[in-house]
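Work through the two exercises below with the sequence and the coordinates at hand.

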Amino acid sequence: MDSAAPREPGATEPPARARPRLVFRTQLAHGSPTGRIEGFTNVRELYAKIAEAFGIAPTEILFCTLNSHKVDMQKLLGGQIGLEDFIFAHVRGETKEVEVTKTEDALGLTITDNGAGYAFIKRIKEGSIINRIEAVCVGDSIEAINDHSIVGCRHYEVAKMLRELPKSQPFTLRLVQPRRAFDMIGQRNRSSKCPVEAKVSSGRETLRLRSGGAATVEEVPNDLEVAAARRVDDLLESYMGIRDPELAAAVVETARSAAGAQAFARGLDAVLGEFAFPDEFIVEVWAAIGEAQDACG
């Protein structure tokens with residue numbers, strides 16, 4: 001076998017090959033030229049970059065979808081962006097107020113948030129109280145409850161406020177709907193099920209955004225992680241009235257590093273203690289992750 005040629009005296013090591021810059025394409029969902037953004041590590045910084053590209057305030061952005069300009073909750077941007085994904089930003093449209101009388105314990109709303117201060121409606125249950133109010137739509141941001149601003153509140157805090165409202169007493173919701181393109185006017189989207197569009201991204205890597213620390217490029221989640229996170233997200237909706245794929249993924253990650261149910265509970269308390277998960281939720285989540293693992297072999 002030939003030996004490597006000796007290095008000349010004084011020669012320097014060749015520079016390490018740098019990862020190419022991560023540049024993402026973006027548009028305003030109601031229509032705009034295409035912009036390009038880079039250099040963000042979390043959702044707030046992402047919104048700031050989009051706002052800078054289009055000359056608007058970051059607070060104008062309600063949420064983003066990937067590879068679709070429609071208000072499609074299946075395409076909602078969470079904690080991960082495929083390296084070839086196209087980002088559509090949905091901005092503030094009209095403000096509206098609706099009066100609701102809580103005749104049942106549950107209003108039929110599932111809440112999520114954009115990670116930057118706005119909670120909004122992700123799902124409306126068929127036959128529910130909210131389902132009967134035509135003005136309320138999936139994608140509407142909840143700005144105030146009874147004139148009390150909830151801007152800056154997390155989704156679980158908003159869901160708790162709505163659960164604790166007394167029955168038989170009317171209350172007012174101030175909502176902001178996303179500005180819509182002409183082809184979306186009249187669209188209500190009762191559930192999160194929408195026609196599937198062609199996916200732009202075909203890569204096997206994603207940019208994972210983190211609330212603390214730098215963003216990292218990672219492999220896309222495997223089948224087990226996807227199945228387990230989906231079950232955890234369903235349990236979040238059942239117990240807390242929220243859906244949050246990023247939170248569900250964090251729960252799954254905590255479970256996979258835990259030696260048992262008690263260690264999992266301690267890990268959740270250490271990492272996600274602000275959510276104050278009830279004991280029965282933790283037990284069901286541990287079981288659901290185990291079932292997902294069994295199903296995926």
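A crossing of two helices is called right-handed if the near helix is turned clockwise from the far one by less than a right angle, and left-handed if it is turned anticlockwise. The model to which this is applied here is a predicted one.

**Exercise 1.** Describe how helix α3 (residues 223-240) and helix α6 (residues 279-295) pack.

*Solution.* Two packed helices are described by the angle between their axes and the distance between the axes. For α3 and α6 the angle is about 155°, and the axes lie 9 Å apart. Because angles over 145 degrees count as roughly antiparallel, α3 is roughly antiparallel to α6. The handedness comes next: the crossing of α3 and α6 is right-handed. On the side of α3, the residues that make the contact include Leu224, Ala228, Val232 and Leu235, while those of α6 include Phe281, Val285, Ala288 and Ile289. Sorted by class, the contact of α3 with α6 has 13 nonpolar residues, one polar residue and four charged ones.

**Exercise 2.** Characterise the second largest pocket by its volume and by the residues of its lining.

*Solution.* The volume of this pocket is about 370 Å³. Its lining has 20 residues, of which Ala106, Leu107, Gly108, Leu109 and Gly241 are the closest to the centre. At least two lining residues are supplied by each of β6 (109-113), α2 (155-163) and α3, and the largest share, four residues, comes from α3. By class, the lining of the second largest pocket divides into eight nonpolar, five polar and seven charged residues.

Methods
Residues are numbered from 1 along each chain as its sequence is written. This is a predicted model: local features need pLDDT of at least 70, side-chain atom pairs count only at pLDDT 80 or more; totals for chains, interfaces and linings use all residues. Side-chain values use heavy atoms; hydrogens and water are left out. Axes are lines fitted to C-alpha atoms, for helices over the stretch in contact, and angles run from 0 to 180 degrees between N-to-C directions. Angles under 35 degrees count as roughly parallel, over 145 as roughly antiparallel, 65 to 115 as roughly perpendicular and the rest as oblique. Contact means heavy atoms within 4.5 Å. Ala, Val, Leu, Ile, Met, Phe, Trp, Tyr, Cys and Pro count as nonpolar, Asp, Glu, Lys and Arg as charged, and the others, Gly among them, as polar. On a 1 Å grid over the protein atoms alone, a cavity is a set of points where a 1.4 Å probe fits but cannot get out, and a pocket is an open set with protein on both sides within 12 Å along at least five of seven lines; lining residues have an atom within 4 Å of a point. Grid points are joined across faces, edges and corners, and a volume is the space filled by probe spheres set on the points.
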